[in-house]
Amino acid sequence: MSNVFIVFQDNDDSRPIIEAILADNAQAQATYPTGLVKIDAPGSLVVRRETIEELIGRPFDLQQIHVNLVTISGHIDEDDDQLSLKWNN
Amino acid sequence: MDTPVLKKKLGLKERYAAMTRGLHWDTTYQPMDKVFPYDKYEGIKIHDWDKWEDPFRLTMDAYWKYQGEKEKKLYAVIDAFAQNNGQLGVTDARYINALKVFLTGVTPLEYNAHRLFAHVGRQFTGTGARVACQMQSIDELRHYQTETHALSHYNKYFNGMHSPKHMNDRVWYLSVPKSYFEDACTSGPFEFLTAVSFSFEYLLTNLLFVPFMSGAAHNGDMSTVTFGFSAQSDESRHMTLGIECLKFMLEQDPDNVPIVQGWIDKWFWRGYRLLSIVAMMQDYMLPKRVMSWREGWEMYIEQNGESLFRDLARYGIRKPKGWVQACEGKNHISHQTYAVFYSYGAAAAFHTWVPEEEEMAWLSEKYPETFEKYYLPRWNYWREQAKNGNRFYQKTLPMLCQTCQIPMIFTEPGDATKIAYRESDYQGDKYHFCSDHCKEIFDNEPEKYVQAWLPVHQIYQGNCFKPGVDPTKEGFDPLLAVFDYYNFKVGRDNLDFEGSEDQKNFAAWRGDSVQGAKK
Ligand SMILES: [Fe+2]
Ligand SMILES: [Fe+2]
């Protein structure tokens with residue numbers, strides 16, 4: 001199966017997002033190239049708004065992630081509640 | 001009676017539909033085909049523009065909001081960097097030369113991208129595509145400006161950064177990136193998106209902005225890493241535009257598949273050639289190494305590309321024709337490219353140098369099959385020569401590939417001891433190429449590529465001197481006249497790093513108190 005990945009700047013804004021992704025995607029793995037956090041997952045990966053909100057204790061607009069997003073792979077789908085990445089193979 | 005109507009806030013999908021698709025209307029005074037005349041002649045058949053997907057569903061209001069946030073963050077860092085003399089904190093002054101390549105080779109492309117996305121942002125019949133292109137057009141202008149602002153601080157202290165746009169339009173090696181973009185700009189809108197959004201942004205740009213920017217961070221350059229990642233934060237949207245456009249074309253009509261495949265073949269190879277300069281920066285110009293070109297290639301191109309093309313196979317799309325050869329090139333192109341810049345070090349507006357002992361050891365370790373066998377002996381020889389006061393400078397002009405405009409420096413597939421030469425005849429003239437793939441690109445559209453502005457030909461034709469220069473005058477030095485036309489400050493911008501003004505100044509500034517730094 002192919003991996004999808006998502007990369008963020010390694011900073012305070014990204015921390016709850018990373019934590020949420022790792023909590024919601026059991027197979028996701030984080031690595032830390034200088035300045036960055038790269039998360040790889042086999043096949044698909046989901047970023048859930050609710051999980052982030054629980055971690056930070058306030059409402060969160062998912063589009064906020066654009067500020068610290070660096071790169072992605074896979075097909076994307078986004079609505080108010082989640083952003084997902086997946087390969088169709 | 002007026003009862004206030006409490007409306008639930010629209011969800012993302014509805015908001016996107018209202019504020020993007022809802023802004024479109026079909027024209028009635030004039031036929032649609034006359035209002036949008038440019039998106040048909042390439043032969044791409046579109047039956048239903050409503051099927052265009054923009055998965056981020058970003059609307060203009062949200063776009064301004066988040067872009068504004070990015071700018072505030074970025075400029076806070078740029079200001080802090082300048083106020084704290086951040087330029088003195090980089091590993092060593094050799095590193096600055098990577099920034100010179102970036103500023104003269106990449107930054108002007110951002111401006112060209114801005115212009116072209118504005119153009120296609122007007123010309124697509126479908127609103128979804130138009131809005132995505134308009135946002136990207138503004139992004140690219142932002143990249144051009146923020147890179148210029150961030151790097152202008154270095155221009156106060158280091159040589160070779162004084163006229164990037166002027167140089168980009170004239171200098172021999174800068175014609176490589178310039179011609180890539182101009183080739184894309186003179187294509188139709190669908191080919192343009194395949195070239196820039198798919199091949200460049202989706203497939204290849206990770207190699208420029210991710211490992212290289214990590215490298216900037218590693219070398220203490222807070223300013224560059226910040227503008228790099230800030231620009232790259234727009235890139236996810238750009239990459240998405242690329243892949244969505246590709247899927248859209250493939251899904252709309254089976255007749256589109258062979259056209260798109262041809263563009264993928266062409267633009268993968270054009271982009272791969274363009275990136276050889278990034279390969280060199282990655283392996284030779286970052287004093288503190290993070291990741292070799294080869295490792296970056298494996299992580300971002302081989303692994304990710306395999307997944308992508310396995311996914312696209314269901315449309316009948318295969319990997320680009322040059323794939324295997326490009327993957328073989330991961331062991332060679334950084335070494336071959338840097339060697340050329342080293343030997344043409346008198347004719348470039350940045351410094352080059354022989355790698356230090358431990359840097360050679362790093363290269364041997366990262367390139368166990370190729371570095372010691374093919375490239376180390378040449379460095380040892382050049383180092384020996386330089387030690388004896390005989391630093392090697394190439395004094396003749398190189399033959400260029402008609403397609404990618406890179407000098408003939410690349411070797412035969414399977415034989416790294418032999419330079420590859422290809423040629424084609426067209427209307428009584430002979431044209432030269434660096435590879436089978438560049439030749440094939442030419443052979444498919446010779447009427448386009450015969451018009452290429454090849455710097456070496458232009459120099460020999462006398463087109464690269466300032467107005468009023470008289471080449472018949474006693475003692476005329478053609479090369480100096482060309483450098484003058486390029487706006488090079490000879491003896492300051494060019495030649496070896498060893499002995500350069502940059503080297504002396506940096507040592508003095510770091511040794512002395514910061515007060516001693518002069519602007
Ligand atoms: Fe850009
Ligand atoms: Fe070529």
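**Exercise 1: A residue in a loop**

R57(B) sits in the loop that joins α2 (32-35) and α3 of chain B, where helices (H or I, at least four residues) and strands (E, at least two) are DSSP runs, numbered from the N terminus. This is a predicted model, in which local features need pLDDT of at least 70, side-chain atom pairs count only at pLDDT 80 or more, and totals for chains, interfaces and linings use all residues. Residues are numbered from 1 along each chain as its sequence is written, chains are lettered from A and ligands numbered from 1 in the order in which they are written, and side-chain values use heavy atoms, with hydrogens and water left out.

Task: Describe the phi angle of R57(B) and decide whether R57(B) is buried or exposed.

Solution: 
- Step 1. The phi of R57(B) is near 50°, a positive value in a residue other than glycine.
- Step 2. Buried means under 20% relative accessible area, exposed over 50%, and partly exposed in between (1.4 Å probe, protein chains only).
- Step 3. R57(B) has 9% relative accessibility, so it counts as buried.

**Exercise 2: The iron ion**

Task: Which protein donors does the iron ion (ligand 1) have?

Solution: 
- Step 1. Donors are N, O and S atoms within 2.8 Å of the metal (3.2 Å for Na, K and Ca); water is not among the atoms, so sites may look incomplete.
- Step 2. E110(B) (OE), E140(B) (OE) and H143(B) (ND1) are the protein donors, 2.1 to 2.2 Å from the iron ion.
- Step 3. Along the sequence, the spacing of these donor residues is E-x29-E-x2-H.
- Step 4. Distant parts of the chain are linked here: E110(B) belongs to helix α5 (residues 107-123) of chain B and E140(B) to helix α6 of chain B, 30 residues apart.
- Step 5. E110(B) is buried at a relative accessible area of 7%, and E140(B) is buried at 2%.

**Exercise 3: Two helix pairs**

Task: How are α3(B) and α6(B) oriented to each other, and how are α8(B) and α9(B) oriented?

Solution: 
- Step 1. Axes are lines fitted to C-alpha atoms, for helices over the stretch in contact, and angles run from 0 to 180 degrees between N-to-C directions.
- Step 2. Angles under 35 degrees count as roughly parallel, over 145 as roughly antiparallel, 65 to 115 as roughly perpendicular and the rest as oblique.
- Step 3. The axes of α3 (residues 60-83) and α6 (residues 127-155) of chain B come within 11 Å and cross at roughly 5°. α3(B) and α6(B) are therefore roughly parallel.
- Step 4. For α8 (residues 175-185) and α9 (residues 189-204) of chain B, the axes come within 7 Å and cross at roughly 135°. α8(B) and α9(B) are therefore oblique.
- Step 5. Contact means heavy atoms within 4.5 Å. Y180(B), F181(B), A184(B) and C185(B) of α8(B) meet F192(B), A195(B), V196(B) and F200(B) of α9(B).

**Exercise 4: Where the chains meet**

Task: How many residues of chain B are in contact with chain A?

Solution: 
- Step 1. Chain B has 37 residues in contact with 34 residues of chain A.
- Step 2. R15(B), in helix α1 (residues 12-19) of chain B, touches residues including Q63(A) and D80(A).

Key. Lists of a residue's contacts leave out its neighbours within four places in sequence.
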